[in-house]
Amino acid sequence: LSFSAGRRALFGYFYGKSALRFDPQTGETIQTFRGVREVYASPMNSDILCTDKKRLSLYGPSGERLWSAQRESFAILDVGWSGETVAISETVGGPSGIRCYSRHGELLWRYKGRKGQTSPFMYNPETRSYIGVDYVAGPAERLLVQWDEETGTIKKEQVITSGSHGRL
């Protein structure tokens with residue numbers, strides 16, 4: 001499930017089959033999206049990111065497609081949102097990768113994971129940056145990484161282990 005406060009809608013999907021848009025007050029189905037694997041709703045505005053087997057597509061508040069890009073893998077790990085950008089973490093044949101796009105579809109930056117997966121992933125409006133954990137499954141150390149929203153430059157990075165208590 002994914003909730004869009006801006007659209008006052010709840011999205012549910014049946015991986016690879018279809019997605020539904022519900023009225024959260026009544027539970028009534030408002031819209032059906034055929035062939036959509038996942039729906040990610042922005043907490044910052046009314047945009048939604050829909051994925052199918054081959055593409056990522058960003059839709060604006062009135063349902064218009066703003067842009068579309070090729071998927072690079074079979075799995076989306078996480079999606080982070082600012083008001084003007086969307087960053088997508090995917091598995092890409094080994095270490096995962098992040099691509100950050102402007103709301104208009106311009107690829108702003110990429111990050112190739114150094115440890116393995118990059119998830120969970122979020123946006124911090126106070127620092128205008130994305131923050132995520134780059135890690136390998138198991139007890140190995142992890143990297144807590146902070147990227148500049150517009151350039152992808154690493155602002156801070158910290159090694160974390162199960163016993164460390166650091167802050168970015």
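## Burial and surface

In this predicted model, 46% of the 168 residues of the chain count as buried. The accessible surface of the chain comes to about 8900 Å². Carbon and sulfur atoms make up 51% of that surface.

Charged side chains number 22 positive and 18 negative. The centres of these two sets lie 5 Å apart.

## Overall fold

The chain holds 16 strands and zero helices. Its radius of gyration is 16 Å, close to the 15 Å that the globule rule gives for 168 residues, so the chain is as compact as a globular protein of that length. The C-alpha trace spans about 45 × 30 × 30 Å along its principal axes.

Among contacts with a separation of 6 or more, 27% are between residues 24 or more positions apart.

## Aromatic pairs

A pair of aromatic rings is described by the distance of the centres and the angle of the planes. The chain has eight aromatic pairs. In one of them, the ring centres of Y111 and W147 are 4.9 Å apart and the planes stand at 70°, so this pair is edge-to-face. Y111 has 8% relative accessibility and counts as buried. W147 counts as buried too, at 0% relative accessibility.

The rings of F121 and Y130 form a pair with another geometry: their centres are 5.4 Å apart and their planes lie at 5°, so the pair is stacked. F121 and Y130 are both buried. Ring pairs join W109, Y111, F121, Y123, Y130 and W147 into a cluster.

## Backbone features

Most residues other than glycine have a negative phi, and most peptide bonds are trans. The peptide bond from S119 to P120 is cis, with omega near 0°. P120 is placed in strand β13 (residues 117–124).

Two arginines have a positive phi. R8 has a phi near 50° and lies in the loop between β1 (2–4) and β2 (9–14). With 67% relative accessibility, R8 counts as exposed. R128 also has a positive phi, of about 50°, although it is not a glycine. The loop that holds R128 runs between β13 and β14 (129–135). R128 is partly exposed, with a relative accessible area of 44%.

## Surroundings of L10

L10 is found in strand β2 and counts as partly exposed, at 23% relative accessibility. Leaving aside neighbours within four places in sequence, the contacts of L10 are L1, S2, F3, L20, R21, F22 and P24.

The C-alpha atoms of L10 and R128 are separated by 27 Å. Along the chain, L10 and R128 are 118 residues apart.

## Surroundings of I76

I76 is found in strand β9 (residues 76–81). With a relative accessible area of 10%, I76 is buried. Not counting residues up to four places away in sequence, I76 touches E38, Y40, T51, L56, R71, I88, S89 and E90.

From I76 to C100 the distance is 13 Å, C-alpha to C-alpha, and the two residues are 24 apart in sequence.

G152 sits in the loop between β15 and β16 (154–160). Although in a loop, G152 is buried, with a relative accessible area of 14%. Leaving aside neighbours within four places in sequence, G152 is in contact with W109 and W147. W109 and W147 are among the members of the aromatic cluster.

Y130, another member of that cluster, is 22 residues from G152 along the chain, and the C-alpha atoms of G152 and Y130 are separated by 8.5 Å.

Terms used: Residues numbered from 1 in each chain as written. Predicted model: local features only at pLDDT ≥ 70, side-chain atom pairs only at ≥ 80, totals over all residues. Heavy atoms only, no water. Helix = DSSP H or I, 4+ residues; strand = E, 2+ residues; numbered from the N terminus. Rg over C-alpha atoms; globule rule 2.2 N^0.38 Å. Buried < 20%, exposed > 50% of the residue type's maximum accessible area, 1.4 Å probe, protein only. Contact = heavy atoms within 4.5 Å. Areas by Shrake-Rupley, 256 points an atom, 1.4 Å probe, with all protein chains shown as cover. Lys, Arg positive; Asp, Glu negative; His and termini not counted. Charge placed at Lys NZ, Arg CZ, Asp CG, Glu CD. Phe/Tyr/Trp six-rings, centres within 6.5 Å; stacked < 30°, edge-to-face > 60°.
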